[in-house]
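Student: I have not looked at this structure before. Please take me through it with questions and answers.

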Amino acid sequence: MSILSTDQVSENWSVIASAYEEAFEGLSSQFAAEVLKLLNLKPGERVIDVAAGTGAFSLLAARAGAQVLATDFAPGMVARLRERIAAERLSCISAEEMDGQALAVADGSFDASVSILGLIFFPDIAKGISELRRVLRPAGRVGIVCWNKPEELDLMTLIVRSIKKIVPEFQPPAAPPTWARLHGADLLSNQLRKAGFQQVEVITVNGTLRIESPQTFWSSFTSSAPPLAYLFNQLGPERTAAVGREYMALLQAQSSDAVPTLRVEACIGIGTA
Ligand SMILES: C[S@@+](CC[C@H](N)C(=O)[O-])C[C@H]1O[C@@H](n2cnc3c(N)ncnc32)[C@H](O)[C@@H]1O
């Protein structure tokens, strides 16, 4: 059995649910909105969101009138999403704990299935994609989001640059991150075709996050994913704050206005069962 990385353990996501929502959902909801448009979901259609996190896609789809089942393996994510569902009094959505590699739902029971920056973490990505297909009715639609070019993902590469400046002896992990196993249009469309999806298309989309309040952002961002939480715990508060100032300076230097701005590229793959 292979050893799981920190972002493949449900408890590690559970404990960071609110930091994830604060720092990251502003970005993932931009991709969620694109996926919703591309899937052209009609009111009343049934959609399953796999590795839904705090609900970026699920809440948008429910507000648009779809019947949503949001699933995630981390109880903390599901609990936070249930709070949000209750706060908005949405009746057409429920949230359940489930491993995306073994969904506890019947074959053919959804019109659409989605995983936004979710199945890229699964130990068995191919199983995750085949589950997204198994649960679709014939001609049901899938939407999957992964990152485009990990080596150009400022979100992460600037962390390594800033840490190296503040802590010169820092050695970045030798292995590529878990989520980089599935990236870019070619890998994504191959995986979708291999799983048996038809009419596969992949588009590249940009996400932008203007960081109006760097300190607030940094304090959530440093624990918005399990590997980040682990890394910055090791560095301790002073060095973490110094790395944050450096990170913001790097972002600011490449922004055209006074606000540090993160730009990221993701790929959205769609297809039909
Ligand atoms: C980067 S977040 C994405 C959340 C959400 N889809 C979004 O767009 O904001 C990754 C999510 O994948 C979930 N996850 C990771 N491995 C999983 C698995 N094997 N089964 C279900 N969920 C998983 C994590 O708990 C986390 O909520």
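Tutor: A residue is buried if 20 or more other C-beta atoms lie within 10 Å of its own, exposed if 12 or fewer, and partly exposed in between, with C-beta atoms placed from the backbone. Helices are DSSP runs (H or I, at least four residues) numbered from the N terminus. This is a predicted model, where local features need pLDDT of at least 70, side-chain atom pairs count only at pLDDT 80 or more, and totals for chains, interfaces and linings use all residues. Residues are numbered from 1 along each chain as its sequence is written.

Student: Which residues are buried in helix α9 (residues 226-235)?

Tutor: Two residues are in contact if their C-beta atoms, placed from the backbone, lie within 7 Å. By that rule the buried residues of α9 pack against α1 (10-14) and α10. Just after α9, Gly-236 has a positive phi of about 85 degrees. The buried residues in α9 are Pro-226, Leu-231 and Phe-232.

Student: Why do the buried residues of α6 line one face of the helix?

Tutor: Helix α6 spans residues 154-166, and its buried residues are Ile-159, Ser-162 and Ile-163. The arc is that of the directions from the helix axis to the C-beta atoms. Seen down the axis of α6, the buried residues line one face because they fall within an arc of 100 degrees.

Student: Is Leu-182 buried or exposed?

Tutor: Leu-182 sits in the loop between α6 and α7 (184-194). Beyond its neighbours within four places in sequence, its contacts include Ile-120, Cys-146 and Leu-187. With 23 other C-beta atoms within 10 Å, Leu-182 is buried.

Student: At what angle do α2 and helix α4 (residues 75-88) pack?

Tutor: Ala-17, Ser-18 and Glu-21 in α2 meet Gly-76, Met-77 and Arg-80 in α4. Axes are lines fitted to C-alpha atoms over the stretch in contact, and angles run from 0 to 180 degrees between N-to-C directions. The axes of α2 and α4 are 9 Å apart, and the angle is about 65 degrees.

Conventions:
Helix = DSSP H or I, 4+ residues; strand = E, 2+ residues; numbered from the N terminus. Expected span 1.5 Å × (residues − 1).
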